[in-house]
Amino acid sequence: MTQAAYNDIAAWYDNYLNDNPIYQEMLLPSLLELTGAIQGQTVCDLACGQGWITRELARRGAHLTGVDLSDQLLEFAHQYEVQEPLRISYQQGDVQSVDLLAGCTFDGCVCSWSLVDIPDLSAAFSTMQRLLKPDGWLVFAITHPCFEAPNAQWITLGDGSTARAIKDYFHAGYWKSENGGVRSRVGAYHRTLSTYLNTLVASGFALEYMLEPMATGERARQVVGNREVPSLLLVRARSV
């Protein structure tokens, strides 16, 4: 099984999720818009981490199974389940594995901000395709590959406005940022937007909808440029 990089930062990451406004203000509303009404549905949260999104979906009446590679993050997920029982089933596993949740099928799958952690994108999408019932739905969120490329940076223009300077967009592969956040600790796999969408379609999915949320509130105050340039991309697709 692939080594779980998040084991080394599990406690830090749990605090980071709770403290960073991008999750509550941008990620969650957009993700819930794409998942829609899910009451009574069976949903798998792949690479669920400490179960933050898993719990939000369970609170909306879905029957959740969460899977993650990191046993340390799953420890946090189990602790939250004890504090607020939502009948979530958590399992340790690798999204790239052909044996993951063998024999199980779901109405929908979510994968939030985790595809950038996974080396084999095709294997991950194949797992999602296998786990979904016919006509099942998939929603995933990633750092926006067009604007969170290696060596991209915020710059100040002559008029004082903020812009995003992009470099190395076509240089696919593993990289680490220097901003002190998650990607400076565990890195990420950068891919072009076309790689994500073409691999999605090649894996048997039809693209239905995309969102690029604009920052508001505290996130917009923290990262002024996110009022002009998105840092997050969400996609809804359907198994065909």
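**Entry 1: L131**

The model is a predicted one, in which local features need pLDDT of at least 70 and side-chain atom pairs count only at pLDDT 80 or more, while totals for chains, interfaces and linings use all residues. I also noted that residues are numbered from 1 along each chain as its sequence is written, and that side-chain values use heavy atoms, with hydrogens and water left out.

Is L131 buried or exposed? L131 is buried, with a relative accessible area of 0%; buried means under 20% relative accessible area, exposed means over 50%, and partly exposed lies in between (1.4 Å probe, protein chains only). Leaving aside residues up to four places away in sequence, L131 touches C44, L46, L100, L101, C104, T105, F106 and C109, where contact means heavy atoms within 4.5 Å. For T105, which is 26 residues from L131 along the chain, I noted a separation of 4.7 Å between the two C-alpha atoms.

**Entry 2: helix α5 against helix α7**

I then followed α5 (residues 121-131) to its packing with helix α7 (residues 193-202), where the angle is about 40 degrees and the axes are 9 Å apart. Axes are lines fitted to C-alpha atoms, for helices over the stretch in contact, and angles run from 0 to 180 degrees between N-to-C directions. The two helices α5 and α7 are therefore oblique to each other, since angles under 35 degrees count as roughly parallel, over 145 as roughly antiparallel, 65 to 115 as roughly perpendicular and the rest as oblique.

Which residues of α5 and α7 meet? From α5 I listed L121, S122 and F125, and from α7 their partners T195, Y196, T199 and L200. These contact residues divide into 4 nonpolar, 3 polar and no charged; Ala, Val, Leu, Ile, Met, Phe, Trp, Tyr, Cys and Pro count as nonpolar, Asp, Glu, Lys and Arg as charged, and the others, Gly among them, as polar.

**Entry 3: the sheet**

Next I traced an open sheet of 7 strands, with mixed pairing and the order β3-β2-β1-β4-β5-β11-β10; two strands pair if DSSP finds at least two bridges between them. Its edge strands are β3 (89-92) and β10, each of which pairs on one side only.

Starting with β1 (residues 42-46), I saw that 4 of its 5 residues are buried, and that β1 pairs with β2 (residues 63-68) in the parallel sense over 5 bridges.

V139 in turn has R236 as its bridge partner in β11, and β5 (residues 132-143) runs antiparallel to β11, joined by 7 bridges.

**Entry 4: strand β11**

How many residues of β11 are buried? In β11 (residues 232-239), 8 of its 8 residues are buried. L232, L234, R236 and R238 point one way, whereas L233, V235, A237 and S239 point the other way. In general, the side chains of a regular strand alternate between the two faces of the sheet.

Beside β11 runs β10 (residues 205-211), antiparallel and joined by 6 bridges, with L211 standing opposite L234.
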